[in-house]
Amino acid sequence: MGRTLSLLADGMTLTTLKRIRDEKLYKLVTEPQTKRPFTFEQFCPHLGLHPSSVKERLRTLDRLGKEFLKLQEAMGLPRRQVRLLLTAPSEIQAEARQIAEQAAKGDADTYQLEARLAQLCERLE
């Protein structure tokens, strides 16, 4: 499962899962006994993934971007903070995306970025 989670952390894998979900490609796979198409929730376990984890990661990708996902992994951001940001107003999410883009470019110190993200989350609590 650890390997699966590391693959899920990769933006390309999530982008692929997003396409599968958005284009409903999972419906091309059917249950052997009933021949009914899978739902996305039924499809995920066949990849060794938990549907709720995939959905949360895809929400993060959709709302905060690929760079934020990389930052989340690198910094080990608590899920509580990520969930706060996912429900935040669009201005706060834009700030989080900007912080992640700075991290990707190497424009700022990691501790400064962590502090800025923590401040964003404090504003939401």
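Visitor: Is Glu-67 buried, exposed or partly exposed in this predicted model?

Guide: Glu-67 is partly exposed, its relative accessible area being 28%.

Visitor: Which residue does Glu-67 form a salt bridge with?

Guide: Here is the general idea. Side chains of opposite charge can pair when their charged atoms come close. In this case, Glu-67 pairs with Lys-70, and their closest N and O atoms are 4.0 Å apart. Both sit in helix α5, three residues apart, so about one helical turn separates them. Lys-70 is partly exposed too, at 43%.

Visitor: How many salt bridges does a search of the whole structure find?

Guide: The search finds eleven. One of them joins Glu-73 to Arg-57, with 3.6 Å between the closest N and O atoms. Glu-73 belongs to helix α5 (residues 66–75) and Arg-57 to helix α4 (residues 51–64), so this pair ties together parts 16 residues apart in sequence.

Visitor: Which partner in that pair counts as buried?

Guide: That is Arg-57, with 11% relative accessibility; buried means under 20%. Glu-73 is partly exposed at 44%.

Visitor: What do the side chains of Arg-123 and Glu-95 form?

Guide: They meet in a salt bridge, 3.1 Å from N to O. Arg-123 lies in helix α8 (residues 110–124) and Glu-95 in helix α7 (residues 90–105), so the bridge links parts that are 28 residues apart in sequence. Arg-123 counts as exposed at 53%, while Glu-95 is partly exposed at 28%.

Conventions: Residues are numbered from 1 along each chain as its sequence is written. This is a predicted model: local features need pLDDT of at least 70, side-chain atom pairs count only at pLDDT 80 or more; totals for chains, interfaces and linings use all residues. Side-chain values use heavy atoms; hydrogens and water are left out. Helices (H or I, at least four residues) and strands (E, at least two) are DSSP runs, numbered from the N terminus. Buried means under 20% relative accessible area, exposed over 50%, partly exposed in between (1.4 Å probe, protein chains only).
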